[in-house]
Every structure is written in structure tokens, then in C-alpha cells.
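Subject: Structure for your review

Dear colleague,

Please find the structure below, together with its sequence. My findings follow directly after it.

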Amino acid sequence: MIRVRRHVHRLSATIPTASMADIAFLLIIFFLVTTVFSTDQTVVDLPASVNREEIVRNSALLTVTAEGVIKATDGEVSQTIENVDQLDRFIAEVLRQNPARSFVVKGDRRAAYRYIEFCLERLRLSRARNVYFLTEARGPRRQG
């Protein structure tokens with residue numbers, strides 16, 4: 001009787017790691033490109049407006065809450081404004097880096113007007129050229 005010996009070739013389970021570095025770099029690039037940094041997360045009930053205009057990207061933002069707290073951000077650094085000098089320094093630093101940079105005032109509809117006026121007056125005295133108000137879209141009123 002001839003004995004046939006079967007040669008069994010066993011495969012070992014391995015995970016190919018040669019392309020792992022490529023995948024990791026692709027994921028890093030993907031997240032770098034798609035990540036949007038938002039420095040101001042203050043919830044504000046915006047006033048409604050019919051007239052709308054596109055706001056320039058990379059604008060500095062002044063947020064006024066219903067309680068009268070003023071926050072300022074230039075896209076990199078956020079700070080709570082506590083006095084006139086601090087707001088003037090913030091505006092001056094933004095304008096020193098880019099004199100044509102726009103400012104957006106994001107005011108709560110319940111905020112006292114004196115806080116909005118305070119921000120506008122400091123921007124005017126600092127010679128900021130472009131100032132926008134952030135509003136919520138509202139359709140035109142129907143008469144009838």
C-alpha cells in the first residue's frame with residue numbers, strides 16, 4: 001500500500017502594514033483640510049432683517065449677549081471685553097495686522113442698545129472701515 005502524504009500548506013493570518021502609513025497621512029490631510037475652526041460659540045438670538053449682504057470671510061467678530069457681555073474674536077484668539085481699553089486694544093491689533101479687515105457685530109436682539117452703540121463708537125473712533133451686523137433672514141412683510 002502506497003501511502004500518499006498530503007502536503008498541507010497552511011497560511012498564517014497577517015495584516016498587511018505596508019500601506020498603513022499612507023492611509024494615516026491621507027486621513028491627517030483630510031481632517032486638516034475639512035476642519036473648520038470656530039472660535040465663537042456664543043448663542044445669540046439674532047435680530048431679523050430683510051436686507052442681507054454677504055459678509056467677508058475672516059472678519060473679526062464682536063458678540064454682544066442679552067446680558068451685555070461683549071466678546072471679541074479675530075479668528076485665533078477670543079476674549080471677553082471688560083473695559084474700553086481692552087476693546088480699543090483688540091480693534092487696534094486687528095487693524096494693525098490688516099487695516100482693511102472687516103468687523104461683524106453679532107448682537108442679541110434683547111441686548112441693550114447702549115452695548116451695541118458702545119461697540120460701534122469704538123470701531124468708528126478706531127477708524128474701522130467695514131462694519132457689518134449679523135442678522136437672521138426674514139422674508140418681506142406682507143400687507144393685507
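I begin with Thr-42, which is in contact with Thr-63, Thr-65, Lys-71 and Lys-106, leaving aside its neighbours within four places in sequence; contact here means heavy atoms within 4.5 Å. The side chain of Thr-42 also makes a polar contact with the side chain of Lys-71, at 3.4 Å. A polar contact is a pair of N or O atoms within 3.5 Å; within protein, one must be able to donate a hydrogen and the other to accept it, and residues adjacent in sequence count only if both atoms are side-chain atoms. Thr-42 sits in the loop between α1 and β1 and is buried, with a relative accessible area of 13%. Buried means under 20% relative accessible area, exposed over 50%, and partly exposed in between (1.4 Å probe, protein chains only).

Some notes on provenance are in order. This is a predicted model, in which local features need pLDDT of at least 70 and side-chain atom pairs count only at pLDDT 80 or more, while totals for chains, interfaces and linings use all residues. Residues are numbered from 1 along each chain as its sequence is written, and side-chain values use heavy atoms, with hydrogens and water left out.

Overall architecture

The protein chain holds 3 helices and 7 strands, in the order α-β-β-β-β-α-β-α-β-β from the N terminus on. The radius of gyration of the protein chain is 28 Å, well over the 15 Å that the globule rule gives for 144 residues, so the chain is more spread out than a compact globule. That radius is taken over C-alpha atoms, and the globule rule is 2.2 Å times the number of residues to the power 0.38. Helices (H or I, at least four residues) and strands (E, at least two) are DSSP runs, numbered from the N terminus.

Along its principal axes, the C-alpha trace spans about 105 × 50 × 30 Å. Of the 144 residues, 28% count as buried. Among contacts between residues at least 6 apart in sequence, 69% join residues at least 24 apart. The chain exposes about 11,600 Å², of which carbon and sulfur atoms supply 54%; these areas come from the Shrake-Rupley method with a 1.4 Å probe, and for residues only the protein chains shown count as cover.

Helix α2 has 14 residues and reaches 20 Å from its first C-alpha to its last, close to the 20 Å expected at 1.5 Å a residue; the expected span is 1.5 Å times one less than the number of residues. The buried residues of α2 are Gln-86, Leu-87, Phe-90, Ile-91, Val-94 and Leu-95. Seen down the axis of α2, these residues fall within an arc of 165°, so they line one face of the helix; the arc is that of the directions from the helix axis to the C-beta atoms. What covers them includes β2, β3, β4 (78-81), β5 and α3. The face of α2 turned away from its buried side carries the exposed residues Asp-85, Arg-89 and Arg-96. At the N-terminal end, Asn-83 caps α2, with a side-chain oxygen 3.3 Å from the backbone nitrogen of Asp-85.

Helix α3 covers residues 113-125. Its buried residues are Ile-116, Cys-119, Arg-122 and Leu-123. Viewed down the axis of α3, they fall within an arc of 130°, so they too line one face of the helix. They pack against β2 (60-64), β3 (70-73), α2 (84-97), β5 (103-107) and β6 (131-133). Exposed residues Tyr-113, Arg-114 and Arg-124 lie on the face of α3 turned away from its buried side. Arg-127, which follows α3, has a positive phi, near 65°.

Individual positions

Ser-102 lies in the loop between α2 and β5 and counts as buried at 5% relative accessibility. Beyond four places in sequence, Ser-102 touches Val-56, Ser-59, Ala-60, Asn-130 and Tyr-132.

Arg-52, in the loop between β1 (48-49) and β2, is exposed, with a relative accessible area of 52%. Arg-52 and Thr-135 are 83 residues apart in sequence and 8.0 Å apart in space, C-alpha to C-alpha. A polar atom of the Arg-52 side chain lies 2.9 Å from the backbone oxygen of Thr-135.

Arg-5, in the segment before α1 (20-34), counts as exposed at 79% relative accessibility. Arg-5 and Ala-112 are 107 residues apart in sequence and 93 Å apart in space, C-alpha to C-alpha.

With kind regards
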